[in-house]
Amino acid sequence: MALDKSLVSGSMTMLILKLISERDMYGYEMIDTLRQRSNHSFELKAGTLYPILHGLEEKGMVRSYDKEFAGKTRKYYSITSSGMAQLEERTKEWKEYSDAVRGVLALEVSVL
Amino acid sequence: MMEEYIRILLEQIRCKKSHKYIESEIRSHIEDQIEENMSRGMDPETAERMAVNSMGDPVMTGTELDMIHRPQMNIKLIVMIAAISIIGVLIHSLMLHDSFLQPETEMISGHYLRDVIIGLCVMTGICFVDYSVIARFSKLIGGAIIALKILLIVKSLIEVNSAVKWIGYGGIWMSWLLFDMIYIPIFGAIVYKNSRQGRKGLIKSFMWMYIPVFLELLSANMTCALIMLISMTAQMYLAIRKGWFGESYKAAITALVSGDVATPSIAASVVKAFGSVFPTNTFNLYRDIVAGFIANDERNYITGMLRTINKAALLFGDSSSELSNSMPAADNQYMLTYINCHYGIMVGIAVCLLIGWSLFYMFRSLIKQNNQLGLIVGTGCLMIFILNLALNILINLGAFPIMECWIPFISAGGSCIVLSYALTGILLSIYRYKNVYPSDVDVKMPKLKLLLEQ
């Protein structure tokens, strides 16, 4: 299922932070995990992911380090305490927003 | 296809220093995708084309990355340093018009403005020179400083009245303090180079740490030895905490504490046995320093005098001209007492708070640093500032025996001033490249052959 791009991009930072809050990951791994978990709804392009990741690192929300895995050196990302705080805030905002949307949709159904 | 994508993407990023690290990450991503595509049965060419297509627009990605990976100037810190410099120039200008002035103070304060200008030039130069480039040559620079120190000690054994604390030729002489203190950030880079070498790296780092401290203790350069020991211990602690040597945390910390205790003990034993061989008689110098800790010893009269002057100081304004006559020369060590005595305690506190605030700001900027090399080098710079300021305040309050230390940026003397600005230059350089380099930066020294070819 392909979703509206603008709907996804706004919450992408939250989704990336959520992924690395569970365990440290490298870029390709994030895209792959996101794709699998969203049942192929989120086909995030690497060209979108890396500017977000590097921007989060600049703001101190994530930290990166090099680690060897399967014979290749990969750049892993881990979440910082300020990243965790940001994730909590974004998740709270998202829940409020989705509850509001659900409420409106439920109203429409009951009117119909 | 992949090469073309990477070329276009990197063309958008103006800061060339970051290219290598961005390229490595993007290339690794595309290669992973190609592998995945091929495992699904695609031929290599199709797998590469599909992988590149899944990356998106290289121009857009490159432009966005360019906005992030740019050298940045720490304007806030520059403004703070400018304010401190102005205050320093103001205080030293007023000192020059002071009737209490002694010839040596006139000599030092008279050159203050010149030294600040030299310091600012050094700071600007270092700030623009990438600190990771200096780090590449850290072992060479560190080795040269140790070799020079050994030469100075040998020279002092041969020649009577040989200077062990000054180095120079002709009319230009520099305090050895400058080399000792610069060794600390250089040591940070050496530790970084030794990381990931396990126990071997840990032992090598200990050698680079304790040998110069031992040499300083041997030449009775106690303040430098103390500041070097504490600063480098902090850097080693940081490296061990971050698991750079892969050793067990407890074993490495035990080795560090043991080394911190053993080095001064061995140095003291050597001095006790052979100290009188030195023309400067290191043993006597040791005895005087120990005497400094005994309150009623007659050699401790300066500490008593500083206490009396500070007790008589007013909150604001000049407290007494009589006392100032008995004050030791207002050079490096006693600037704070001079300020307290002539302008009031509140002015002294304000100056210390301003410098303390700048140091706190430097610390806050540093801990946000993702680059590990920057973190350990910057920790060394900051430790030098903090220890000198703290020791100087304690000495001026008469709570610590007299040692050679200085208030960053304010204490006069060419070497202290240039050092303050040079260390700030390193911190500015670390901040400048914080978004250019990733956490791990390549600091391998270029091969000689490669250098010659260039």
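Predicted model: local features only at pLDDT ≥ 70, side-chain atom pairs only at ≥ 80, totals over all residues.

**Salt bridges, pair by pair**

A: B:Glu11 and B:Arg7 are four residues apart in helix H1 (residues 2-11) of chain B, so about one helical turn separates them. Their side chains meet in a salt bridge, with an N to O distance of 2.6 Å. B:Glu11 counts as exposed, because its relative accessibility is 53% and the class begins over 50%. B:Arg7, at 40% relative accessibility, counts as partly exposed.

Chain A has a pair with the corresponding description. A:Glu22 and A:Lys18 both lie in helix H2 (residues 12-22) of chain A. These two residues are four residues apart, about one turn of the helix. The closest N and O atoms of A:Glu22 and A:Lys18 are 3.9 Å apart, and the pair counts as a salt bridge because the cut-off is within 4 Å. A:Glu22 is partly exposed at 40% relative accessibility, and A:Lys18 is partly exposed with a relative accessible area of 41%.

Another pair in chain A is A:Glu29 with A:Arg23. This salt bridge has its closest N and O atoms 2.4 Å apart. A:Glu29 has 16% relative accessibility and therefore counts as buried, the limit for that class being under 20%. A:Arg23 is partly exposed, with a relative accessible area of 42%.

A:Lys72 and A:Arg74 belong to a network of salt bridges with B:Glu31 and B:Asp32. Over all chains, the structure holds 18 salt bridges.

B:Arg196 has phi near 65 degrees, a positive value in a residue other than glycine. Its place is in the loop of chain B between helix H10 (176-194) and helix H11 (198-218). With 60% relative accessibility, B:Arg196 counts as exposed. B:Phe409 has phi near 75 degrees, again positive in a residue other than glycine. B:Phe409 lies in the loop between helix H19 (372-396) and helix H20 (414-432) of chain B. At 1% relative accessibility, B:Phe409 counts as buried, whereas B:Arg196 counts as exposed.

Notes. Residues numbered from 1 in each chain as written. Chains lettered and ligands numbered in written order. Heavy atoms only, no water. Buried < 20%, exposed > 50% of the residue type's maximum accessible area, 1.4 Å probe, protein only.
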